Amino acid sequence: MFKGDSQTISFGLIDLPKKTALTNSDPNVVDARIEGKFALNNLVVIDAKKTGNSIITVKKEGIETVTINVFVTEKQTIKIDDNKSDNNNLTDGVDEFHKKLSIYQGTSDTFNFGTSITSDNLKNTNNTIASIEALGDVVKVNALKTGTTKITITKRGFNDLTIDVTVLPTRNIPDEPIGDIDGSNNHYSMIIDVEDTNKITFPHVDLTNGKISVVDIDQNTKAKHVSYKVDKNNLSVTGLSKGKSKMTINVPGYNEITIDITINQKQMIPEGGGVIPSGDGYNVTMRPNVHQKFDLGNISGLTQKDVVFDSNYVIARLDGNTLDVYTLQTPTDRTTITIKKKGYEDLKINIRILNTPLGKVTMSTNKVDLKVGESQTIEITN
């Protein structure tokens with residue numbers, strides 16, 4: 001028997017008190033007495049008081065003497081295996097038999113006791129606040145809503161273990177995300193380009209435990225503008241097409257996280273050739289029968305098929321990322337070359353061709369003979 005246990009032994013239809021002698025070799029270890037039921041005193045009740053050994057004998061005339069050898073041992077203490085438990089929130093209570101658990105709504109904690117626990121070993125004063133599951137050596141506590149409840153684990157041979165459970169409301173993430181992202185308090189925004197990836201880190205928040213959903217708010221459909229990947233507390237968002245999307249992240253224990261995402265096409269910015277930015281692309285003025293080169297920057301995969309003309313006033317050829325434009329004879333106020341490339345905004349180069357072609361240059365003299373300190377004016381005309 002274990003200290004504090006009580007055990008009853010039935011002698012069936014034998015009425016023990018009649019000429020019965022009950023002896024107890026050590027009353028300090030156990031208390032032994034005869035009790036009755038249904039008008040028969042046929043029960044021997046033994047209460048274990050302290051560790052030790054006592055021999056109880058039951059004698060009655062006409063029956064064989066019964067000897068009961070009782071050993072009383074201390075109950076074991078239910079111990080939690082910290083290495084196999086998610087018990088970061090468990091703290092000591094009044095003593096080793098009394099613990100306290102603070103847990104956030106929507107989360108779960110598991111505790112490994114190193115001994116088999118069944119549902120019969122568990123008591124819970126309020127199942128609406130938290131539910132408990134017996135999973136072999138493990139007890140799982142699920143926080144359902146804010147409030148308090150008391151869980152008691154009772155098993156023969158062990159001292160009872162009581163856990164006072166407090167379920168806390170969900171809260172904002174403890175630290176703001178790190179990366180190219182704006183906002184605070186669980187509400188954020190980011191701007192990315194098509195084919196670019198933005199990596200964001202959420203310190204101390206395991207995103208793999210959560211649920212992520214994305215919708216394209218400009219089209220009210222499932223996400224087509226972005227894709228994403230999660231690696232523990234890292235979130236990588238990649239732009240797929242121009243538009244606006246909204247991402248929601250629900251991690252147990254935390255308030256919902258929202259990210260408004262704007263996806264832009266990349267910009268092609270021509271350099272050289274005298275181009276001037278305008279509200280509709282870039283403008284440049286050229287004369288007939290001349291070449292002008294424009295550097296389109298570090299854009300991979302450009303081909304001649306990406307160059308679109310709206311007229312036949314010019315000829316343009318790609319050489320790597322350099323666009324070589326040649327104007328023909330006919331003047332025009334505007335002709336446009338459009339560069340189309342997936343993932344980029346269309347680049348428009350608007351060309352004005354003057355009606356004065358380059359002619360011969362005439363100088364008033366083709367001989368200059370100067371001495372030190374002298375000057376001479378030369379007239380140059382087209």
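Two residues are in contact when heavy atoms lie within 4.5 Å. The legends below use this term for a predicted model.

**View 1. Contacts and burial in the protein.** Among contacts between residues at least 6 apart in sequence, 55% join residues at least 24 apart. Of the 382 residues of the protein, 36% count as buried.

**View 2. The overall form of the protein.** The secondary structure comprises 34 strands and zero helices. The protein has a radius of gyration of 45 Å, well over the 21 Å that the globule rule gives for 382 residues, so it is more spread out than a compact globule. Along the principal axes, the C-alpha atoms fill a box of roughly 155 × 55 × 30 Å.

**View 3. An open sheet of five strands.** The strands of this sheet follow the order E25-E26-E32-E31-E28, and their pairing is mixed. Strand E25 (276-278) and strand E28 (307-309) are the edge strands, each of which pairs on one side only. From one strand to the next, the twist averages 30°.

**View 4. The pairing of strands E26 and E32.** In general, strands of a sheet pair through backbone hydrogen bonds, either parallel or antiparallel. Strand E26 (residues 281-286) pairs with strand E32 (residues 347-353) in the parallel sense, over five bridges. Met 286 has Ile 353 in E32 as its bridge partner.

**View 5. A charge over an aromatic ring.** Arg 171 places its charged end over the ring of Tyr 104, 3.5 Å from the centre of that ring. For pairs of aromatic rings with centres within 6.5 Å, the count comes to zero.

How values were computed: Residues are numbered from 1 along each chain as its sequence is written. This is a predicted model: local features need pLDDT of at least 70, side-chain atom pairs count only at pLDDT 80 or more; totals for chains, interfaces and linings use all residues. Side-chain values use heavy atoms; hydrogens and water are left out. Two strands pair if DSSP finds at least two bridges between them. Helices (H or I, at least four residues) and strands (E, at least two) are DSSP runs, numbered from the N terminus. Axes are lines fitted to C-alpha atoms, for helices over the stretch in contact, and angles run from 0 to 180 degrees between N-to-C directions. Rings of Phe, Tyr and Trp (its six-membered ring) pair if their centres lie within 6.5 Å; planes under 30 degrees apart count as stacked, over 60 as edge-to-face and the rest as tilted. A charge sits over a ring if NZ of Lys or CZ of Arg is within 6 Å of the ring centre and within 35 degrees of the ring normal. The radius of gyration is taken over C-alpha atoms; the globule rule is 2.2 Å times the number of residues to the power 0.38. Buried means under 20% relative accessible area, exposed over 50%, partly exposed in between (1.4 Å probe, protein chains only).
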